[in-house]
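Subject: Structure for you to look at

Hello,

Here is the structure I said I would pass on. Please open it first, then read my notes below with the view next to them.

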Amino acid sequence: MQRIRLRYTKRGRLRFTSHRDFQRAFERALRRAEVPMAYSAGFTPHPKVSYANAAPTGTGSEAEYLEIALAATRDPETLRVLLDESLPDGLDIVDAVEVRTSGLADRLTASVWELRLDGVDPADARRAVEAFNAAGTVEVQRLTKNGMRTFDARPAVAKLESAETHDAQADRPIDQPCAILRLVVRHVTPAVRPDDVLSGLRAVADLAPPVPAAVTRLAQGLLDEETGTVTDPLAPDREAAATEPPTAGATAAAKAPA
């Protein structure tokens, strides 16, 4: 059984798809692309697909990850192209590697987010960021299924800064003045989301965007605590593939005609 790890995006209007919506679309794409999936055992077999840390509904993302198990060996790049062509524009498969290492979920310890605040003066945003970073505690509230919960959002934030330029990959184009924040947040329990950080900015600096923020996840992976950067979680698989000899099945798949 071969396992493949994929990175996919949620762009444009597709950022409003829920995780369950994506699951249904991806399972249809697997059938359209005629991927030789491995299935679970039991009375209701289902394709072996593992999803990792999906972004909340309504946020864009350049870095979502999943893993699939195949019953026959396939070239990862060929498989990526077939699946990408079988999904709607906005749900794009942008990377694929064969699994050579364990623990993908363990390598997703932090995320890099971009927050576009339309109608907010960049100078006001910078002052709010400075206040947030200087605070020892930033208590926010979130409504959960068990009622209103209060927690400290500050420890989860590894880096928060006001960006001078807009990332070309982000979810909305620049068509008016706005403030753009870059946020690196650790994956902790309870989870601290970008909207919790916005609530914290409102609490410490009275920063309240007039319209909802456009939020895009730019990356997720291992957090380098010294630099505050997030590394590519698929890099260990690429490095292992570069040093290990190809399997007989992989060699046959590479030589097979398209």
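F151 sits in strand β7, which covers residues 147-152. Keep in mind throughout that this is a predicted model. With a relative accessibility of 8%, F151 is buried, because the cut-off for that word is under 20%. Which residues does F151 contact, once neighbours within four places in sequence are left aside? They are V138, E139, V140, R142, P190, A191, V192 and D196. Take D196 from that list: 45 residues separate F151 and D196 in sequence, while their C-alpha atoms are 9.7 Å apart in space.

Next, strand β5. Its residues are 110-118. Nine of the nine are buried, so β5 is largely enclosed by the rest of the structure. In a regular strand, side chains alternate between the two faces of the sheet. Here A110, V112, E114, R116 and D118 point one way, and S111, W113, L115 and L117 point the other way. Both sets are buried.

β5 has these strand partners:

- β9 runs antiparallel to β5, and nine bridges join them. R116 stands opposite I180 of β9.
- β10, residues 214-221, also runs antiparallel to β5, with seven bridges between them. The bridge partner of A110 in β10 is G221.

Now the nonpolar cores. Nonpolar side chains tend to be buried together in soluble globular proteins. The largest core in this model has 27 residues. Which of them touch the most other members? The answer is L115, L117, L160, L181, L183 and L201. At least two residues of this core come from each of β5, α3 (122-134), β8 (157-163), β9 (178-186) and α4 (194-205). Another core lies apart from it and has 21 residues, including Y8, F22, L66 and A96.

Beyond its neighbours within four places in sequence, L117 is in contact with C178, A179, L181, L198, L207, P209 and A213.

Last, a charged residue, D95. Is D95 buried or exposed? Its relative accessible area is 16%, so D95 counts as buried. D95 belongs to strand β4, residues 93-98. Not counting residues up to four places away in sequence, D95 touches R5, L6, R7, R80, L234 and R238.

Regards

Key
Residues numbered from 1 in each chain as written. Predicted model: local features only at pLDDT ≥ 70, side-chain atom pairs only at ≥ 80, totals over all residues. Heavy atoms only, no water. Helix = DSSP H or I, 4+ residues; strand = E, 2+ residues; numbered from the N terminus. Buried < 20%, exposed > 50% of the residue type's maximum accessible area, 1.4 Å probe, protein only. Contact = heavy atoms within 4.5 Å. Core = buried A, V, L, I, M, F, W, Y, C linked by side-chain atoms within 4.5 Å. Pairing = 2+ DSSP bridges.
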